[in-house]
Amino acid sequence: RADEVIDLSADGQDLDAHVLLGEAFRALSDRWRHVLWLTEVEGRKPAEIAPMLGVSAGSASALAYRARQGLLAAYLNAYRDNGADEVCQELTERLGLYVAAGRIAEGFEDVVGHLEGCRRCRDVSRGVDVMGGVLSGLAPFGLLTAGLWAKGVAAGVSAGAAVGTAG
């Protein structure tokens, strides 16, 4: 759910999925942030954003996929860097692979076992499930700054104009 706050607090630290996601989003390149804004926040399809980006629909789809995978990696890195204990820090890369593989237990027995006993990592992995909805929910609260949004819109208009004049 987009309005769900996943509490990752422990030992007096107050860390939630919104904070991690905001940090992860800001860590991405301008192009990936723009693509994620268009696809996850505005709900546009790759074929619709392709002309804005000056690429084919297939390339826009691949770019959106890579941007989502980049956001996942940045989200897990933000968790690792902001409150994960030593055992959890060592597992964040495997946790990302596990989530990206569709949570198939085969080959990830160590991750599954860890998630059964670690509420914080389990909550982080649940946060991954709601990233798209949470991402769109962050925009009105300034966690994703209006500057990033405006820059993305301007880039889309410029790319669209360039594509329009080329043909």
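Colleague: Which residues are buried in α2?

Modeller: First, the term. Buried means under 20% relative accessible area, exposed over 50%, and partly exposed in between, with a 1.4 Å probe and protein chains only. In α2, the buried residues are Arg33, His34, Val35, Leu36, Trp37, Leu38 and Thr39. A caution on the source: this is a predicted model, where local features need pLDDT of at least 70, side-chain atom pairs count only at pLDDT 80 or more, and totals for chains, interfaces and linings use all residues. Residues are numbered from 1 along each chain as its sequence is written, and side-chain values use heavy atoms, with hydrogens and water left out.

Colleague: How many helices and strands are there in the chain?

Modeller: Both are DSSP runs numbered from the N terminus: helices are H or I with at least four residues, strands are E with at least two. The chain has 9 helices and 0 strands. Of its 167 residues, 39% count as buried.

Colleague: What share of the contacts in the chain with a separation of 6 or more comes from residues 24 or more positions apart?

Modeller: Contact means heavy atoms within 4.5 Å. The share is 63%.

Colleague: What span does α4 reach from its first C-alpha to its last?

Modeller: The expected span is 1.5 Å times one less than the number of residues. α4 has 25 residues and reaches 36 Å, close to the 36 Å expected. Helix α2, residues 30-41, has 12 residues and reaches 15 Å, close to the 16 Å expected.

Colleague: Which residues of α4 are buried?

Modeller: In an α-helix there are 3.6 residues a turn, so residues three or four places apart point the same way. The buried residues of α4 include Ala60, Leu63, Ala64, Ala67, Leu71, Ala74, Tyr75 and Ala78.

Colleague: Which residues line the second largest pocket?

Modeller: The search uses a 1 Å grid over the protein atoms alone; a pocket is an open set of points where a 1.4 Å probe fits, with protein on both sides within 12 Å along at least five of seven lines, and lining residues have an atom within 4 Å of a point. Here the lining is Gln69, Leu72, Ala73, Leu76, Asn77, Arg80, Thr92, Glu93, Gly96, Leu97 and Ala100. α4 (57-81) and α5 (86-100) each supply at least two of the lining residues. α4 gives the most, with 6.

Colleague: How much space lies in the second largest pocket?

Modeller: Grid points are joined across faces, edges and corners, and a volume is the space filled by probe spheres set on the points. The second largest pocket holds about 150 Å³.

Colleague: Why does threonine 92 count as buried?

Modeller: Threonine 92 counts as buried because its relative accessibility is 5%. Threonine 92 is in helix α5. Leaving aside neighbours within four places in sequence, threonine 92 is in contact with Leu76, Tyr79 and Arg80.

Colleague: And glutamine 69: buried or partly exposed?

Modeller: Glutamine 69 counts as partly exposed, because its relative accessibility is 28%. Glutamine 69 lies in helix α4. Glutamine 69 and leucine 97 are 28 residues apart in sequence and 10.0 Å apart in space, C-alpha to C-alpha.
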